[in-house]
Amino acid sequence: MTGSSLPPVDWSDPRWQAHARDWVAGWLGRAGRRVTGPAEARVRPWSLVWRVPTDAGPYWFKANNAGTRFEAGLLGALARIAPGRVPEPVAVDADLGWSLLPDGGETLRDALARHREPAVWERVLTGYAALQRAVAPRVDEMLAVGVPDHRPEAMPELFAGLLDDPDALLVGAPDGLTPETLARLRRFLPEYTERCRRLAATGVPASVQHDDLHDGNVFAADHRFFDWGDASVAHPFGTLLVTLNSVAHSFELPDGDPVLLRLRDAYLEPWTDRYDRADLREVAGLAVTVAKVSRALSWRRALCTPDPTRAEYAAAVPGWLGELFEPDRL
């Protein structure tokens, strides 16, 4: 079994916790580290994270739920394919969905709180583009470890399937889709399909797409990228949806602000070795629209759990589909 077909795990089970503590201590011991105290836990419906104190500073253990379990295997693959772009795991168990990482220091969000300079994102996005270009020839390896397939060719069918999931869309609920909006989305499906066709025809190869790349998921010191549980194999430019939304929110920038356009262009620059810059901007616009459905799918996947706290986040699935009718940042 893979992905969301796996049975749920009870992270509060003492036997599970004992197994996880032994696994963490064993791998830290192999690395010459010793656990010096109890772990601090953070639990979300999609993952459990422990901050583990050691004699060499904190390390981070993460256990993913069934819908995001691929993250551990993905981390291991990215560390091999694009060294220096992601944290180097101490250990991963792809079958269990467990990973153990060293502390990466403060996040970009922490750094930007002290020094509000959006231009740093130009360097971040250039490095992220380099990661995507390194991964592109090896997307089959990403798919083999369970990373969801959100390539443009697959998205129309995935979108149609999501529209047939009234529970995920909370149809008729206060935070869900109205029947009228659901009908509007069904009418939009042919246009969405055409945009996917055009996006696939551009020839820009698919790669890993983080799908939640904001300043809280980048380390400030070396611009390594972490927290890949929303990722997919997709058109790479879909990254710009969350990233530019995040930058616009953080710096209170309106749609189309020159800062956002500069960041878009800095990200696209590495692809100008093969494509016209104006064409790349058009492709980016298509990719951002297509990625809105990807975001809804990633939230549905993350919330595939019996954890009752999932209800706190469930509105994200219909919320992202509603964004299809809102203007883009570009």
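**Helices, cavities and a pocket**

Reply: The model is a predicted one. In helix H2, the buried residues are Phe70, Glu71, Ala72, Gly73, Leu74, Leu75, Gly76, Ala77, Leu78, Ala79 and Ile81.

Me: Why is H2 said to be largely enclosed by the rest of the structure?

Reply: A residue counts as buried when its relative accessible area is under 20%. H2 is largely enclosed by the rest of the structure because the number of its 12 residues that are buried is 11.

Me: What distance does H2 reach from its first C-alpha to its last?

Reply: H2 covers residues 70–81, which gives 12 residues. At 1.5 Å a residue, a span of 16 Å is expected. Close to that expected value, H2 reaches 16 Å.

Me: Which elements do the buried residues of H10 pack against?

Reply: Helix H10 comprises residues 258–268. Its buried residues are Val259, Leu260, Leu263, Arg264, Ala266, Tyr267 and Leu268. They pack against helix H4 (120–135), helix H9 (240–251) and H11.

Me: At the start of H10, which backbone nitrogen does a side-chain oxygen of Asp257 reach?

Reply: The side-chain oxygen of Asp257 comes to within 2.8 Å of a backbone nitrogen at the start of H10. A polar contact requires N or O atoms within 3.5 Å. The backbone nitrogen reached by Asp257 is that of Val259.

Me: With which side chain does the side chain of Asp265 form a polar contact?

Reply: Asp265 belongs to helix H10. Its C-alpha atom is separated by 9.8 Å from that of Ala278, 13 residues apart along the chain. A polar contact of 2.9 Å joins the side chain of Asp265 to that of Arg281.

Me: How many charged residues are in the lining of the second largest cavity?

Reply: This cavity holds about 30 Å³ of space, and its lining consists of Asp265, Leu268, Glu269, Thr272, Arg277 and Leu280. The lining divides into two nonpolar residues, one polar residue and, as the number asked for, three charged residues.

Me: Which helix supplies the largest share of the lining of the largest cavity?

Reply: The whole structure has two cavities of 30 Å³ or more, and the largest contains about 70 Å³ of space. Among the residues lining the largest cavity are His150, Leu199, Ala287, Val290, Ala291 and Ser294. By class, the lining has six nonpolar, five polar and no charged residues. The largest share, four residues, comes from helix H11.

Me: Is Thr54 buried or exposed?

Reply: Thr54 is found in the loop between strand E2 (47–52) and strand E3 (59–64). The residues it touches, leaving aside those up to four places away in sequence, are Leu28, Arg33, Arg34, Val35, Thr36 and Tyr59. With a relative accessibility of 9%, Thr54 counts as buried.

Me: Which residue has its backbone oxygen 2.5 Å from a polar atom of the side chain of Thr54?

Reply: The side chain of Thr54 has a polar atom 3.0 Å from the backbone nitrogen of Ala56. The backbone oxygen that lies 2.5 Å from a polar atom of this side chain belongs to Gly57.

Me: Which element gives the most to the lining of the largest pocket?

Reply: The largest pocket contains about 910 Å³ of space. Of its 35 lining residues, those closest to its centre are Arg42, Gly216, Asn217, Phe226 and Asp227. Elements that give two or more residues to this lining are E2, E3, H2, strand E5 (98–102), H9 and H11. The most, four residues, is given by E3.

Definitions and conventions. Residues are numbered from 1 along each chain as its sequence is written. This is a predicted model: local features need pLDDT of at least 70, side-chain atom pairs count only at pLDDT 80 or more; totals for chains, interfaces and linings use all residues. Side-chain values use heavy atoms; hydrogens and water are left out. On a 1 Å grid over the protein atoms alone, a cavity is a set of points where a 1.4 Å probe fits but cannot get out, and a pocket is an open set with protein on both sides within 12 Å along at least five of seven lines; lining residues have an atom within 4 Å of a point. Grid points are joined across faces, edges and corners, and a volume is the space filled by probe spheres set on the points. Ala, Val, Leu, Ile, Met, Phe, Trp, Tyr, Cys and Pro count as nonpolar, Asp, Glu, Lys and Arg as charged, and the others, Gly among them, as polar. A polar contact is a pair of N or O atoms within 3.5 Å; within protein, one must be able to donate a hydrogen and the other to accept it, and residues adjacent in sequence count only if both atoms are side-chain atoms. The expected span of a helix is 1.5 Å times one less than its number of residues. Buried means under 20% relative accessible area, exposed over 50%, partly exposed in between (1.4 Å probe, protein chains only). Contact means heavy atoms within 4.5 Å.
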